[in-house]
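The exercises below ask you to read a protein model step by step, and each task is followed by a worked solution.

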Amino acid sequence: MNEYMLRASGLRKTYQNGAAAVEVLRGIDLGVKKEEFLVIQGPSGAGKSTLLHILGGLDEPDGGTVFFEDTDIQSFKENERALFRNRKVGFVFQFYHLLPELSALENVLLPMVLRSWWERPKAESRARSLLERLGLGKRTGHMPNQLSGGEQQRAAIARALINGPRLLLCDEPTGNLDSVNGKNILSLLKQLNKEEKTTMVMVTHDKDITGVADRVVHLRDGVVVR
Ligand code: ADP
């Protein structure tokens with residue numbers, strides 16, 4: 001059995017900024033085991049977000065491969081890639097990216113609406129129970145601007161989980177929260193990792209990740225240093 005959820009090898013990415021080429025990833029080799037909680041740290045601009053986007057199929061590398069279990073995600077056709085992002089991976093971002101004109105419940109339902117089949121009552125009951133589990137049972141009808149930062153992030157996590165992904169990619173999920181709310185979000189992610197067996201890859205500047213991360217790797221000068 002393949003013990004790896006993700007295996008990246010030789011990942012390279014260069015951005016063209018005007019006349020200057022910025023080599024952001026210069027040969028990343030990284031494996032993430034199933035059910036592992038991996039934290040990626042490194043200075044700002046080191047390429048952490050770029051790496052996360054490539055691992056989740058949001059962006060393409062200039063070279064190298066990413067295997068999700070036994071599948072090379074570069075081999076996906078466009079519709080397969082969209083399905084992969086919708087079903088297998090959940091994304092959590094620093095600024096939540098909730099749609100302001102939709103309620104918490106409707107935001108959480110969005111990834112299900114994008115599926116070819118969906119039954120409103122079933123989807124809604126799953127969304128409600130997720131929100132309940134994440135402590136937002138009394139906030140399902142609230143609009144994002146009626147929620148605190150911590151609550152918005154919990155709604156965003158519920159949205160990331162609605163299709164039951166095996167892997168959650170989190171980009172500075174506590175970066176916009178005070179320390180108490182940040183800690184709550186970290187322990188929530190850890191709980192999901194343990195109880196739902198969701199594999200976690202989290203980029204964070206948070207120093208206090210003892211008890212959360214199974215492993216920490218550092219990104220520096222475009223490569224992974226351990
Ligand atoms: P980190 O997440 O570690 O702060 P990023 O992956 O966001 O780093 O960015 C790495 C570098 O790549 C930065 O110098 C950034 O300006 C540059 N970069 C990121 N995305 C783009 C883009 N779409 N176009 C051009 N440059 C980019």
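**Exercise 1.** Which residues in α5 meet which residues in α6?

*Solution.* Keep in mind from the start that this is a predicted model. Begin with the α5 side, where G150, Q153, R154, I157 and L161 take part, and then turn to the α6 side, where their partners are N181, I185, L188, L189 and L192. Sorting the residues of this contact by class gives six nonpolar, three polar and one charged.

**Exercise 2.** Work out how the axes of α5 and α6 are oriented to each other.

*Solution.* The first step is to take the crossing of the two axes, which come within 10 Å and cross at roughly 20°. The second step is to compare this with the cut-off, since angles under 35 degrees count as roughly parallel. α5 and α6 are therefore roughly parallel to each other.

**Exercise 3.** Apply the reasoning to α3 and α5, and describe their contact.

*Solution.* The axes of α3 and α5 come within 8 Å, and they cross at roughly 20°. It follows that α3 and α5 are roughly parallel to each other, because angles under 35 degrees are counted in this way. The crossing of α3 and α5 is right-handed. On the α3 side the contact is made by N107, V108 and P111, while α5 contributes A155, A158 and R159. Divided by class, the contact of α3 with α5 has four nonpolar residues, one polar and one charged.

**Exercise 4.** Describe the largest pocket, starting with its volume and ending with the classes of its lining residues.

*Solution.* The largest pocket holds about 500 Å³ of space. It is lined by 21 residues, of which R85, N86, F91, P111 and L114 are the closest to its centre. Next, look for the elements that give two or more residues to this lining, which are α2 (78-87), β6 (89-92), α3 (104-113) and α5 (149-161). α2 gives the most, with five residues. Finally, the lining of the largest pocket divides into twelve nonpolar, five polar and four charged residues.

**Exercise 5.** In which loops do E69 and D221 lie, and what is the phi of each?

*Solution.* E69 lies in the loop between β4 (63-68) and β5 (71-72), and its phi is near 50°, a positive value in a residue other than glycine. D221 lies in the loop between β9 (215-220) and β10 (223-225), and the phi of D221 is also positive, near 50°. To judge these values, recall that most residues other than glycine have a negative phi.

Terms used:
Residues numbered from 1 in each chain as written. Predicted model: local features only at pLDDT ≥ 70, side-chain atom pairs only at ≥ 80, totals over all residues. Heavy atoms only, no water. 1 Å grid on protein atoms, 1.4 Å probe; cavity = no way out; pocket = protein on both sides within 12 Å on 5 of 7 lines; lining within 4 Å. Points joined across faces, edges and corners; volume = space filled by probe spheres on them. Helix = DSSP H or I, 4+ residues; strand = E, 2+ residues; numbered from the N terminus. Nonpolar A, V, L, I, M, F, W, Y, C, P; charged D, E, K, R; others polar. Axes fitted to C-alpha atoms, helices over the stretch in contact; angles between N-to-C directions. Parallel < 35°, antiparallel > 145°, perpendicular 65-115°, else oblique. Contact = heavy atoms within 4.5 Å. Left-handed = near helix turned anticlockwise from the far one by under 90°.
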